[in-house]
Amino acid sequence: MTVDELLRRLTTVRRAPTGNGRAPHKPLLLLWLLGRLSATGSSAVTYDEAAEPVSRLINDFGPAVASPARARDRAAMPFVHLERDLWDLRDLHGEPIGPGEHESGALLRRRRAHGRLRPEVEEILADPRSRAASARVLLDRHFTPALEGAICTAAGLDLTELELAAYEMAAARRRTRRAGFTEEVLRAYAYACAMCGFDGALGRNPVGLEAAHVRWHSHEGPDEVSNGVALCSLHHTLFDLGVLGLTSELRIKVSELYVARSQAGLAVDNLHDRPLSTPRPGQPTLEAVHLRWHGLEVFKGDIGTAA
């Protein structure tokens with residue numbers, strides 16, 4: 001296996017069978033394994049060691065689940081089902097555990113399951129550039145740029161290395177963003193955050209304002225004003241993390257999982273049920289299909305009952 005073959009393979013990691021829903025479980029396990037490889041020189045890990053940090057990654061950066069029991073052991077699915085041309089999974093006695101095994105955390109603990117990336121994969125990833133390029137492919141394909149720093153920190157990856165890899169491996173990017181999207185969205189919302197009204201500028205240049213995709217670009221979200229909203233940097237990050245959401249009536253929702261004590265933190269709660277600013281006359285409003293996607297795939301809670 002070559003570096004290019006590995007990068008192509010990472011773009012075709014099969015997603016969990018959740019209909020059209022977002023299922024980043026395997027990419028997050030792989031990113032965590034890349035971080036572990038960077039820190040220790042080996043990807044070898046028991047399920048007991050991986051369960052808590054990988055489940056936390058999936059809970060933080062994947063769709064929400066209602067059951068606390070499921071949330072504790074969300075690492076079981078990718079631990080069992082990650083493709084065997086990348087991953088070797090065995091029990092206490094060294095017997096292989098196949099991808100058809102039941103994805104139960106209790107069962108994996110009972111069998112003392114332990115896994116490791118295949119030797120040929122680990123050999124390629126021993127080179128920091130290959131590690132960074134692999135992480136870049138996974139991030140580009142499954143997440144949105146506003147989350148990259150938080151995901152890398154949680155997975156133990158060096159974002160600076162990834163940015164260098166992004167420059168060197170630009171051809172590995174799945175799609176490029178359309179030039180003009182940011183300016184069109186900011187202009188449509190009169191260069192102000194549609195949630196809080198922030199409209200700061202340095203001279204004539206807006207600062208701290210960004211064009212947020214409602215349906216992520218990495219998940220077929222179009223670079224159109226009907227899928228974009230102008231947000232300040234803070235509310236863009238909270239929107240992409242699922243702290244903030246939008247109803248079909250374009251009212252702001254705050255996740256019931258969000259907590260804060262300071263006045264600045266509580267200001268986010270004050271956004272709850274406020275109307276989103278509307279775009280300027282003649283500009284398209286947000287399409288319902290993109291709002292539904294964000295409500296199902298990103299927002300941490302029930303978009304209809306969040307409080």
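In which helix is the place of Arg 70? Arg 70 lies in helix α4, residues 68–72; helices (H or I, at least four residues) and strands (E, at least two) are DSSP runs, numbered from the N terminus. The model is predicted, so local features need pLDDT of at least 70 and side-chain atom pairs count only at pLDDT 80 or more, while totals for chains, interfaces and linings use all residues. Residues are numbered from 1 along each chain as its sequence is written, and side-chain values use heavy atoms, with hydrogens and water left out.

**Arg 70**
- Arg 70 is exposed, with a relative accessible area of 53%; buried means under 20% relative accessible area, exposed over 50%, and partly exposed in between (1.4 Å probe, protein chains only).
- Between the C-alpha atoms of Arg 70 and Leu 125 the distance is 31 Å, and the two are 55 residues apart in sequence.

**Nonpolar cores**
- The largest nonpolar core has 49 residues, of which Leu 31 and Phe 79 touch the most other members; such a core is a set of buried Ala, Val, Leu, Ile, Met, Phe, Trp, Tyr and Cys residues joined through side-chain atoms within 4.5 Å.
- Elements that each supply at least two residues of this core include α1 (3–11), α3 (47–61), β2 (87–90) and α8 (128–142).
- Helix α2 gives the largest share of this core, eight residues.
- Apart from this core lies another of 31 residues, including Cys 193, Val 214, Ile 252 and Leu 291.
- Leaving aside neighbours within four places in sequence, Phe 79 is in contact (heavy atoms within 4.5 Å) with residues including Leu 29, Tyr 47, Trp 87, Leu 108 and Gly 115.

**Helix α9**
- Glu 148, Ile 151, Cys 152 and Ala 155 are the buried residues of α9.
- Viewed down the axis of α9, these buried residues fall within an arc of 95° and so line one face of the helix; the arc is that of the directions from the helix axis to the C-beta atoms.
- Gly 156 follows α9 and has a positive phi, near 80°.

**Helix α12**
- In α12 (residues 233–241), the residues His 235, His 236, Leu 238, Phe 239 and Asp 240 are buried.
- The buried residues of α12 pack against β6 (209–213), β7 (228–232), β8 (244–246), α13 (263–269) and α14 (288–297).
- Gly 242 follows α12, with a positive phi near 90°.

**Phe 198**
- Phe 198 is in the loop between α11 (181–188) and β4 (201–202).
- Phe 198 is partly exposed, with a relative accessible area of 35%.
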